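Please read the following report alongside the sequence and the coordinates. It moves from the chain as a whole to its sheets and then to a pair of helices.

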Amino acid sequence: MEKKTKNNGPSFFGPNKPAGNPKGNPKRTPVWLTVFYAILLGGLIFMMFSGGTANPLKKEWTEVREQILPGGYVDKLVYIRNERKGEIHLSPSGIEHYKNQFAGKVPKAGPHFYFLVTENFDAEEELEAARAALPKNKQFKIVTEQKDNYWGKVLDWFLFPILLIAMWFIMLRPMRGGGPGGGPGGVFSVGKSQAKVFDKTGAQKVTFKDVAGLEEAKVEVMEIVDFLKNPKKYTALGGKIPKGALLVGPPGTGKTLLAKAVAGEADVPFFSMSGSDFVEMFVGVGASRVRDLFRQAKEKAPCIVFIDEIDAVGRARSKNAGFTSNDERENTLNQLLTEMDGFGSNSGVIILAATNRADILDKALLRAGRFDRQIHVELPELTERLDIFKVHLRGLKLVDGFEIDFLAKQTPGFSGADIANVCNEAALIAARHGKPAIDKQDFLDAIDRIVGGLERKSKIITPEEKNTIAHHEAGHATVSWLLPNANPLLKVTIIPRGQSLGAAWYLPEERQLTTTEQMMDEMAATIGGRVAEEIVNGRISTGALSDLEKLTKQAYAMVKYFGMSEKIGNVSFYDSTGQSEMGLTKPYSEKTAEVMDAEVRKLIDQAHETATRVLTENREGFEKLAALLLEREVIFSEDLENIFGPRRGGKDPNRMFKDEEHAA
């Protein structure tokens, strides 16, 4: 039998909470606050409409004595002693005489004029003298009185305390029922945790089925979830659950999504908080929020605490106190270290954290006992990209027979967030063109839009500049096609995109190791555009800026990091910890730096010679390619094969375009 709860309506200090509804109705306004607002509004309305007439006009005593009183228009003069103020009440004839001074709005009951005097003013003597100087038909009454402003005294004594009490109730009310004063960000909750709590009944539930790819990472975190569901399975063998797991990887790879899946799968409370939520302008607030977070977590143990972007608070503590240190952030980090593994018991609380800058985290934070596992979430490979595309294509309307495999092959190096962006851009492009469904060309245009930027066909380019750009891009395409170890070319365009005047798309092999020969061929293809300008025009331009930047960085990486220089030898100055970024000195001598600069120049000269040789030996095909670019503005790998023949060595570019697809 259902038990009914009784609700007697709202009380004066807020809404009553029914016995069957412990949460009550926090959005309902209390009765006392409604009454307060009504009284305030009524007072404002009364003040606005109560007057209705003009105020009395101020005059000087000299003018009153010499002009107004002799005219015989004064009926009564009231002198207020405590205010040293005189009020003049006009007769009906006086009102008619002076009505022009009131702009048509004459005070009905008076006073009509008033004057102020100093302390030296002798009211009895001055007023009697002024009346005595008038004839009998112009005499007026003189009234002397004392005014006491009782309402002013009441307001002085009670208004300020009433306002203080009202403000106190307004700030304390949210602490009882929830709201801006006692909720997140309130003045009484600065040191409270800002963590959001999720449970299995949440409306927006994400599970591991919604996380495509990341198979190895899912195995790691699924084991944590399984331990919480079936603890005896592990404790029977003496095992202990890891205290913490750190998700590390580039931006957009799905670290936060994986944490959401853990929240959806686990049957335990899940606390979510960002590292920046601990940072506050007030001293000691960060450490206080850490303590409050773990206090709540211990009360609901077993549970999971997720800290996103933990590098905001977990950055390595500075060794130079006062130079680059931040006492407040370091105090917050110290409290976090203590709570994760200190003297206090912290059993049943599992910490998940995510960052893309694990190299700058404090070593004490990464040690076993705090973060027992570091789960690397890398950029998806071919099969993982295929699974991610399947997830994001669920809600899209595609043409019949659409093949998803080519999308995964077309997007090497794309993260999960990039793939989601590709799918959304493709839908927008198809809608812009009025298509009933999304086809392959829409996805190709979306990839070009994301990689190269928006097309800028309206950009003004002179014919001479366009000819230089065509030969520049043809130089890249020719060298990359004819060198066996360079990345296979996919598409070349001279249509401006973003900040570039032309672009070449490559389809790099997904390899883990790169040899010296491969890097040298890629460098030759990179400088091929500058070499093409030298051969055709006999002069160079600023168009190779980005090419030269990439070329220089790659050459220095070969010498400084990969040990691919004969004179430098098998030495690497690469710092995987990232600590050398703060150093002011180089880990090598000035003489070694000179040798490194010389070796870099030597590598770049070799790449320049290779590109020059390839373009000179294939000058006829190179010119045909440039002419074709000027004619079509966009060419594909099939066009290079028609001119130079099949690509020698390496991996053939993936042919995903048909004639009808690139006819435009």
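## Surface and overall make-up

The accessible surface of the chain comes to about 38500 Å², and 54% of that area belongs to carbon and sulfur atoms; the areas come from the Shrake-Rupley method with a 1.4 Å probe, and for residues only the protein chains shown count as cover. Of the 664 residues of the chain, 39% count as buried, a term that stands for under 20% relative accessible area.

This is a predicted model, in which local features need pLDDT of at least 70 and side-chain atom pairs count only at pLDDT 80 or more, whereas totals for chains, interfaces and linings use all residues. Residues are numbered from 1 along each chain as its sequence is written, and side-chain values use heavy atoms, with hydrogens and water left out.

The chain has 23 helices and 14 strands, taken as DSSP runs of at least four residues (H or I) for helices and at least two (E) for strands, numbered from the N terminus. Among contacts in the chain with a separation of 6 or more, 72% join residues 24 or more positions apart, a contact being heavy atoms within 4.5 Å.

## The five-stranded open sheet

An open sheet with mixed pairing is formed by 5 strands in the order E1-E4-E3-E2-E5, where two strands pair if DSSP finds at least two bridges between them. Strand E1 (57-58) and strand E5 (141-145) stand at the edges with a single partner strand each, so one side of each is left without a neighbour in the sheet.

Within this sheet, strand E3 (residues 85-90) pairs with strand E4 (residues 113-116) in the antiparallel sense over 4 bridges, and Gly-86 has Phe-115 in E4 as its bridge partner. Helix H4 (residues 123-132) packs on the sheet, where H4 touches strand E2 (74-80) and E5, and its direction makes about 170 degrees with that of E5; axes are lines fitted to C-alpha atoms, for helices over the stretch in contact, and angles run from 0 to 180 degrees between N-to-C directions.

## Strand E12 and its partners

Strand E12 (residues 489-493) is mostly covered, with 5 of its 5 residues buried. E12 pairs in the antiparallel sense with strand E13 (residues 503-506) over 4 bridges, Leu-489 having Tyr-506 in E13 as its bridge partner. An antiparallel pairing over 3 bridges also links E12 to strand E14 (residues 634-636), and here Lys-491 stands opposite Phe-636.

## Packing of H6 and H8

Helix H6 (residues 215-229) and helix H8 (residues 255-265) pack at an angle of about 25 degrees, with their axes 10 Å apart. That makes H6 roughly parallel to H8, a description that applies to angles under 35 degrees.

Terms used
Buried means under 20% relative accessible area, exposed over 50%, partly exposed in between (1.4 Å probe, protein chains only). Angles under 35 degrees count as roughly parallel, over 145 as roughly antiparallel, 65 to 115 as roughly perpendicular and the rest as oblique.
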